[in-house]
Amino acid sequence: IKDVTIPKEKTGREKTIMSFDDFKKIIDDIDINFEDSVVCLTARCEPLKHPKIIDFIKYAISKDKIRLIIETSGVFLDKEKADNILEIHNNKLHVIFCLSATNEQLYKEITGNENFKEVEKNIDYYISKQSENIFLQYTKMGINEDFIDDFYSRWKKYEERIIISKYNDYRGELKKDNTHDLTPINRFPCWRLKRDMYI
């Protein structure tokens with residue numbers, strides 16, 4: 001989403017790039033202390049933009065007790081990077097492509113970018129080489145709700161791998177979109193706060 005960087009900018013933290021040594025330390029600690037863990041490199045900060053992402057992936061999926069999820073827009077998944085990831089791929093690696101548009105105009109309205117065809121090409125290339133543990137995520141919003149059927153048609157071959165996700169306004173930090181309010185009738189503590197650790 002265009003303004004998805006706003007919540008992390010408001011943390012007051014200085015922008016930084018995680019070093020490979022810090023990443024290894026985190027992965028080693030998880031591997032030693034937990035029997036079965038999932039590490040997610042998330043699209044909130046595009047993981048494939050990191051200069052050491054191939055090393056990160058390779059190290060994480062070398063661990064017996066860790067599964068790795070990469071959430072990506074596909075923008076930085078050029079052929080070279082895709083081939084590098086495909087070369088080290090094993091069944092502990094899962095990739096989620098976050099693409100909530102079906103045409104150039106809608107993509108530009110949602111992301112502010114004009115590289116829709118390039119992104120589709122990147123995703124097409126990767127998924128044609130490796131379709132196991134690959135998912136396509138569509139975040140449902142007012143702006144794109146009429147295009148869900150088009151999305152299913154476009155990716156029909158991978159229909160069972162499509163994830164429809166709820167829009168998150170980060171507690172009002174982003175523009176409200178109550179088109180599809182999925183707020184539970186009875187409020188309860190966020191299960192992610194109980195289960196996840198965000199680094």
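This tour moves through a predicted model, from its confidence scores to its sheet and then to one helix.

Residues are numbered from 1 along each chain as its sequence is written. In this predicted model, local features need pLDDT of at least 70, side-chain atom pairs count only at pLDDT 80 or more, and totals for chains, interfaces and linings use all residues, while side-chain values use heavy atoms, leaving out hydrogens and water.

**Confidence.** Colour the chain by pLDDT, the predictor's confidence in each residue, from 0 to 100. The protein chain averages 85, and 79% of the residues score at least 70. Confidence is lowest in helix α1 (residues 6-9), at a mean of 56, and highest in helix α3 (residues 53-60), at 97. Helices (H or I, at least four residues) and strands (E, at least two) are DSSP runs, numbered from the N terminus.

**The sheet.** Select the 5 strands, which form an open, parallel sheet in the order β1-β2-β3-β4-β5. Two strands pair if DSSP finds at least two bridges between them. β1 (37-41) and β5 (162-166) stand at the edges with a single partner strand each, so one side of each lacks a neighbour in the sheet. Next, select β2 (residues 66-72) and β3 (residues 93-98), which pair in the parallel sense over 5 bridges. Here Glu 71 stands opposite Ile 96 in β3.

**Helix α5.** Select residues 104-111, where Leu 106, Tyr 107 and Ile 110 are buried (under 20% relative accessible area, 1.4 Å probe, protein chains only). The buried residues of α5 pack against α6 (116-129), with contact meaning heavy atoms within 4.5 Å. Finally, select Gly 112, which follows α5 and has a positive phi, near 85 degrees.

Technical notes
Buried < 20%, exposed > 50% of the residue type's maximum accessible area, 1.4 Å probe, protein only.
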